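Reader: Hi! Could you walk me through this one? I'd like to start with the aromatic rings.

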Amino acid sequence: MKATKAVNDTTKTTNNLETDSESDVKASRSGDWFRRFLTFVAVGLAATALHGLIAWILVNTLGSIPANTIGFIAALGITYAGNYRFTFRSDADHTDTVIRFLVVSAVTFALSQWVLWFLRSMGADERTSLLVAVIAIPLMRFGVLATQVFTEPMSRKPLVPWLLDIGVWVVAVGVGIIALLAVVPDGFLDAGSEVWRLPSGDRGTGVVGMRYYLADDWHWPPLLTDDLSFPEGTNIVFTDSIPLMALGAKLARPIIGSDINYFPSWFILIYSLQGVGGVALLKSLGVKRRDALVTGAILAVTFPAFVYRGIHPALDAHFIMLFTLAAAFASGAITESNSTDSASADSASRVGSIGSTTPGRWQVATGVLLIITLLIHPYLLIMITPLVAGVFVDHWRSGRLTIRQIATLAEGSLAGLFAVLYVGGYVGTHGGASGYGEYGLNLLAPIYPQLSGILPGEQPVLVAGGPKGWEAFNWFGFGALGLFVAAAALVSLKDRGLPRRSLGLLFSMVLLTALAVSQTINYGSNGVFDLDSLAEHPLSLAAGVGILSLVLGAFWLIRRPSRTATKELAAVVGLCYVGGAGVWLLGARLISPLGIVRASGRLWWPVGLLLVLGSVAVVARSSSRVLLIPLALAAAVQIVDTGPVRDEAAATMVDSVAIPGSDALLAAVGNSSQVRVSPSFHCAQELEDSWAALDAIVVAAERGVPIDTAYTARIPKGYECGSETEAALAPGELRVLVMPNRLNPGVLIDELHRCRDNGRLLACTDQWAGLDAGAVAPFLPVVAEPISFAAGADSQPVMTNGWGEAQEWGQVVPTAGASVSIPLIGVEPGDELIIRFRLRRVDEKPGAFTLHSPQFEDQIINVSELQPDNYEVQLAVDIDSLDPLSFTMTSRPDGPLIGIESMTVMLANPEQTLAFSDED
């Protein structure tokens, strides 16, 4: 006993000494790190001074990128010698250390070039971009040099595996950049190119929000801009302007200026990180084979839904879903150092780990990534949160994380999310949405070839399920689909316990899939059934649940033929009927809260990504090297198959609003103090009218002039259509009337002489004088004012084709025919129009000429009946459509030559009819 006690005392003393020694070592390391950092700063300043001096001298001659290259190389010698001798006091072999140093230097140099490319694509000037690159990159290098280069030889990973590991990450970035260059059209990555001048659609509204936000002062909430939809203002959360980038750009505005466009740089970011995110997710799943990691990067950047979504920059940030999933999986990782038995080691191999970071840090990373996701787009948060929750449930079931750890993560994440929701103004400013399932997931979408480069011919996007079913584009691609089939076969043969170990994740994937499909289930071009209508027929619902129960029961008994399984089967059937009863009782009440995810088909994107990369993980973990052949084959097939998807994405990326006379409209906007649009974007009756209103919004944003409407993802609360003012034009105001051939401009009828018409918009202002009107013609309304055809008069807008040179008195009507087209303003179907012509006989030939029109019967005018002192002709025309009034004048080749001096179009209404005066 005494001997045992002595041993225990000795052990305690030894442990205490070891504890004291560890404390001293930690304290020494802390002080050493501080000294190292100060020395690194001194060495870095010397190297940076040389780098910056050389680059600054050469930048105006060579440009920022060549100047930065020469300066970087010149500073390498000082950096290596100073850090080896003074900063880290290394005694490692120079051959090994120099190779590591050069590799890290090459990677950081590539990163500095990437930063320059990123900033220049945003629109920052050459010197500012260079300054940011020169200052930011050395800060990152300190940690890399300390942990990867100037370390003790015994603590280093062997050189060749170390180089290969770094190579995987570099290749992942390179794969993303190559994929980006293969997709984007010319000029897309240049912030100042014509591609970004007048962008349309979702890309256009994002750019509009960005331009107004960066040009405006700070407001509360911080994401609000006053000049878009003034005077209330608009939160750029609802213009899909990527709040994360907008906040960063506005904070950096004193350095890089406000005249920037971060959307090109955003595409550089998301493509660069997409491949890296694929590698990170595979590593968190335990994949170590580098060929599999590279395959994962390729499949991530060629995932069809990611490539196709270039039309919507914010929703194209699939990389954030990959990183969040990687952090969630890694947060439950068990490294070999803390594994106590073979079972835990096996668990660790299944889950994998990234380095030796503690699970707690990865939990924090997961929460931070969820908050960042919200700052990119709320849709992405809705997509990824259920999957993260499922991963953490599986961590808890396996014992890798405790309920307390998960609850701590949930509390912190929820607190951060609610803080962002409140401070960012996500809640309380806009009304809800409706139409859940309008753009739902078609059941065939993942496996039905769409825009495939493998099959001959053209395979259009499967659009069943709504007018914009392409919103739910979810084709796997032949490469990924084949890999998924191979992985499913391997799981069935070699790892049947995988589904049981991942029940939480599987449930989350099924839930997201069900939400993506929505209540209206579509199969190809046919609808299977509508849950709303099914809920109205309880007997049909009961029969459907019964069939489902029989299928589940048969499967259940085959897999587990026992009494326990029979009881479990009864419980499952009971739950099916309880769920069916809930659907019947609640009906549409289950659907209404889901209106926020109107384009529900998008919810399947993270599920598809996880299935593709999970398939890579399953195949890569196979012990047979032969089974790794499908990885390379899948990557090659996927690249070929997604060719048409890339072409389609490139075409949509450059869509711009086609505004006739846009230069003149831009000039008028730039000369105005404010722009008012009627009807506003959300109040237009037709989709075409809404896009016409967007024309005005995009043009106003180009000049930064306040405008009273906006294209937002949600309609503002309390917004009432019909509230647009029709008061008289204010001084300096530009009034834009949408689709002038469809509306009554009301009290502006007396001011239409101040308007210009481009066929889609009627722009009215008192600022036209002195401006180059360009292709925007004076507006010619249907009122009783003669339109003169004399040279230099106002008839050019209505003379469409066939006319010759104008005379001093008017125009000669060619015998081959000449056409006229007049917009109908203030006219309703069923009205009667009166058309008056003042004509002139150019010769004395007898005969007649004819008026041909799609809107009224041909009118024959006999010239012989015209009196010498009265060359007036009056016609009555019934209007049955609001298309512009158009007709063609023709006569026989041997007929008379007739000239037209003026024309008047008016309603057959005594209040608007004016008699011709002698001066006419």
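Author: Happy to. Rings of Phe, Tyr and Trp count as a pair if their centres lie within 6.5 Å. With that cut-off, F188, W196, Y262, F263 and F267 form one aromatic cluster. Keep in mind that this is a predicted model.

Reader: Thanks! How many aromatic pairs are there in the whole structure?

Author: The search finds 17 of them. One is F188 with F267, an edge-to-face pair with 5.0 Å centre to centre and 75 degrees between the planes. This pair links distant parts of the chain, with F188 in the loop between α5 and α6 and F267 in helix α9, 79 residues apart.

Reader: Are F188 and F267 buried or exposed?

Author: Both F188 and F267 are buried.

Reader: And what about W196 and F263, why does that pair count as stacked?

Author: Their planes are at 25 degrees, with the ring centres 6.1 Å apart, so the pair is stacked; planes under 30 degrees apart fall in that class. W196 sits in the loop between α5 and α6 and F263 in helix α9, 67 residues apart. W196 is buried, at a relative accessible area of 1%, and F263 is buried with 1% too.

Reader: Nice. Which charged residues sit over rings?

Author: R100 lies over the face of W162, 4.8 Å from the ring centre. K250 has its charged end over the ring of Y213, at 3.9 Å from the centre.

Reader: Switching to salt bridges: how many does the structure hold?

Author: Seven. In one of them, the side chains of D165 and R290 meet at 3.0 Å, N to O. D165 belongs to helix α5 and R290 to helix α10, 125 residues apart, so this pair links distant parts of the chain. R290 is partly exposed, with a relative accessible area of 29%.

Reader: Which residue does E702 bridge to?

Author: E702 pairs with R211, and their closest N and O atoms are 3.2 Å apart. E702 is in helix α27 and R211 in helix α6, so the bridge ties together parts 491 residues apart in sequence. Both ends are partly exposed: E702 has a relative accessible area of 24% and R211 has 22%.

Reader: Where do R397 and D394 lie?

Author: Both are in helix α15, three residues apart, which is about one turn of the helix. An α-helix has 3.6 residues a turn, so residues three or four places apart point the same way. R397 and D394 form a salt bridge, with the closest N and O atoms 3.5 Å apart. D394 is buried at 5% relative accessible area, whereas R397 is partly exposed at 41%.

Reader: Let's look at packing. Which residues of α25 are buried?

Author: In α25, residues 643-653, the buried ones are G643, V645, R646, A649, A650, T652 and M653. Their cover includes α5, α6, α9, α11 and α24.

Reader: What does T295 contact?

Author: Apart from neighbours within four places in sequence, T295 is in contact with L631, A632 and A635. T295 is placed in helix α10 and is buried, with a relative accessible area of 7%.

Reader: Last one: which residues make the nonpolar surface patch?

Author: F34, F37, L38, V41 and L45 make that patch, which covers about 480 Å². F34 is in helix α1, residues 2-62, and is exposed at 56% relative accessible area.

Reader: And the chain overall?

Author: There are 27 helices and 19 strands, and buried residues make up 49% of the 920 residues.

Conventions
Residues are numbered from 1 along each chain as its sequence is written. This is a predicted model: local features need pLDDT of at least 70, side-chain atom pairs count only at pLDDT 80 or more; totals for chains, interfaces and linings use all residues. Side-chain values use heavy atoms; hydrogens and water are left out. Patches are made of residues with over 30% relative accessible area and no salt bridge: like charges are joined within 9 Å, nonpolar side chains (Val, Leu, Ile, Met, Phe, Trp, Tyr) within 5 Å. Accessible areas come from the Shrake-Rupley method with a 1.4 Å probe; for residues, only the protein chains shown count as cover. A salt bridge is a side-chain nitrogen of Lys or Arg within 4 Å of a carboxyl oxygen of Asp or Glu. Helices (H or I, at least four residues) and strands (E, at least two) are DSSP runs, numbered from the N terminus. Buried means under 20% relative accessible area, exposed over 50%, partly exposed in between (1.4 Å probe, protein chains only). Contact means heavy atoms within 4.5 Å. Rings of Phe, Tyr and Trp (its six-membered ring) pair if their centres lie within 6.5 Å; planes under 30 degrees apart count as stacked, over 60 as edge-to-face and the rest as tilted. A charge sits over a ring if NZ of Lys or CZ of Arg is within 6 Å of the ring centre and within 35 degrees of the ring normal.
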